[in-house]
Amino acid sequence: MSFPSVNPTTTAAWKALEVHAKTAKDVHLRDLLSKEADRFERMHVRVEDLLLFDYAKHRVSEETLNLLEQLFHECGAVQALQAQMGGEAINQTEGRAVLHSVLRDPSTESFEVQGEDVRALARGERERMFAFADAIRDGRKKSFTGKKFTHIVNIGIGGSDLGPRMAVEALKPFSDRSLQMHFVANVDGSDLHECLMKVDPERTLFIVASKTFTTQETMANAEAARTWLIQKLGTTACTQKQFVALSTNSEKVKAFGISEKNTFGFWDWVGGRYSVWSAIGMPVCISIGSIQFQQFLDGAHAMDRHTAEQPFRQNIPQIMAALGIWYRNFMSAASHAVLPYDQYLHRFAAYLQQADMESNGKYVDRNGERVTYATGPVVWGEPGTNGQHAFYQLIHQGTELIPADFIASVLPEHPLHAHHAKLLSNFLAQTEALAIGRPKAATAYKVFEGNRPTSTLLFDRMNPFALGALIALYEHKIFFQGVIWNVYSYDQWGVELGKEMANAILPELEGDGELGAHDPSTTALLKHVRSFL
């Protein structure tokens, strides 16, 4: 491994930050903003034709930022990014490279990893996906009964659902409105049941997204959808025309009844929560078309280049990651809010919950030892202004410090510009109110202490290019934080235990034999459920 495994608490920067934090906690944002006339100039990054990132409303000084930069240097953050993008097997617990950046790399130059040209592999499958998606959109590829598709149902879970679902919603203004997009993830039968009530069996394409084609929730929903379609159309042959597989398990796909030409693959160097750029993005590609999907990829690649090339103080993912480390480890902030002032981004926080918490929710470091410091925070959020009438009370006057990212675009993707002015007035007012507060009021109940830190991500407009850049920005932020915390960000062993135990309990629920060994609470609950069956 070409970057070191460093316990961050042993670095000189970490120790200096601990000392520095003791005095920094007493400094108020109100004073920083009023006394430093050039603060915004020093603490913002403008990426032309894309976004403005403002971090002036953070409880940091030049000393803080210099120490955080030193911490990144001592922990080898830049070398870690180079190792990832260079194809090293940085996901060591699974022995895999991590190359989702290759999926959006337009270069045609050969890039070999373990004897395979990964750029060529990605390009070939991308071209197949583009051709298929465009044929669905223009009606050349028809249903079993010869009709144009009007309903697309994506069946997946986790990374095979959250990314595509979020992106389809975010890019609705750029979509083909004659295509109705549906997503089914939950093994709760109500999810699929409600979806099937809305679709026309003669005009519905089912996309089954599962790398192994064994994921319990996905396969239960896929099998039920197949049964429903066969019952409606009267023949098993319909699956050849109306089912698509996004998988690497060709044998199970074939056994399911999906044709090889309707099967699209990806590779073990593409993690699930980073896979929207691959064939897993098929629903997005069908919704917006191949040309705009390429723009989506181009935006992510532009952010890859920004991240690889810009120095710390002009590097948005590094700065965001560093600020997160500062609050999590030196200011005792346990959660982080993501607040998009854009209704089209209403699934963005849900997407980031997996991307962030599944990546850095780890208590074992890269040396297999239990960490002695906090790692990944709880990530949560909702769109503004809805959140203002729900949980902002806690952010403003609660006892927890909750740093927040505010995301908006200057130009709307709808014609109601008066609405957008109202939206942006709230967007700008909230970050100011959180920073400055209201120190004096008629009663104590109306006092706002302020000093609540926020980042502002203000995009020129939220188009496919911008969304690609936004997602990639957070991907890199998450990775940098994992490097500093010295954890493996690209595995997710914490997901496995519950799956294993569910597989043991399922036959006990379905049968009437003796129950296996469980704790007394679970045994009693199993008996209670079985009494209803």
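Predicted model: local features only at pLDDT ≥ 70, side-chain atom pairs only at ≥ 80, totals over all residues.
Biologist: Let's start with the rings. How many aromatic pairs does the structure hold?

Modeller: There are 26 aromatic pairs. Take F391 and Y392: their ring centres are 5.5 Å apart, with 40 degrees between the planes, and the pair is tilted. F391 and Y392 are both buried.

Biologist: And what about F479 and Y490, stacked or tilted?

Modeller: For that you look at the angle between the planes, where under 30 degrees counts as stacked. The planes of F479 and Y490 are at 25 degrees and the centres are 5.6 Å apart, so this pair is stacked. It links distant parts of the chain, since F479 belongs to helix 18 (residues 464-485) and Y490 to the loop between helix 18 and helix 19 (496-510), 11 residues apart. F479 and Y490 are both buried.

Biologist: Which aromatic cluster do F479 and Y490 belong to?

Modeller: One that also takes in F72, Y274, F312 and F480.

Biologist: Where do charged side chains sit over rings?

Modeller: One case is R370, whose charged end is over the ring of Y363, 4.4 Å from the ring centre. Another is R226, which lies over the face of F256, 4.1 Å from the centre of that ring.

Biologist: On to helices. What do I look at when two of them pack?

Modeller: Packed helices are described by two things, the angle between the axes and the distance between them. The crossing of helix 7 and helix 15 is left-handed.

Biologist: Which residues meet there?

Modeller: From helix 7 you have L162, G163 and M166, and from helix 15 F348, A350, Y351 and Q354.

Biologist: How do helix 1 and helix 14 lie to each other?

Modeller: Helix 1 (residues 12-24) and helix 14 (residues 316-330) have axes that come within 11 Å and cross at roughly 75 degrees. The two are therefore roughly perpendicular. Helix 1 brings W14, L17, E18, H20, A21 and A24 to the meeting, while helix 14 brings W326, N329 and F330.

Biologist: Where is S278, and what does S278 touch?

Modeller: S278 is in the loop between strand 9 (263-264) and helix 12 (282-288). With 3% relative accessibility, S278 counts as buried. Apart from neighbours within four places in sequence, S278 is in contact with L103, M129, F266 and V270.

Biologist: What about the backbone? Which peptide bond is cis?

Modeller: The bond from G384 to T385 is cis, with omega near 10 degrees. T385 lies in the loop between strand 11 (378-380) and helix 16 (392-397).

Biologist: Where do I find a positive phi in a residue other than glycine?

Modeller: S332 is one of them, with phi near 60 degrees. S332 sits in the loop between helix 14 and strand 10 (335-340) and is exposed, at 58% relative accessible area. N486 also has a positive phi, about 60 degrees, and is not a glycine. N486 lies in the loop between helix 18 and helix 19, and it is buried, with a relative accessible area of 0%.

Note on methods. Residues numbered from 1 in each chain as written. Heavy atoms only, no water. Phe/Tyr/Trp six-rings, centres within 6.5 Å; stacked < 30°, edge-to-face > 60°. Buried < 20%, exposed > 50% of the residue type's maximum accessible area, 1.4 Å probe, protein only. Helix = DSSP H or I, 4+ residues; strand = E, 2+ residues; numbered from the N terminus. Lys NZ or Arg CZ within 6 Å of the ring centre and 35° of its normal. Left-handed = near helix turned anticlockwise from the far one by under 90°. Contact = heavy atoms within 4.5 Å. Axes fitted to C-alpha atoms, helices over the stretch in contact; angles between N-to-C directions. Parallel < 35°, antiparallel > 145°, perpendicular 65-115°, else oblique.
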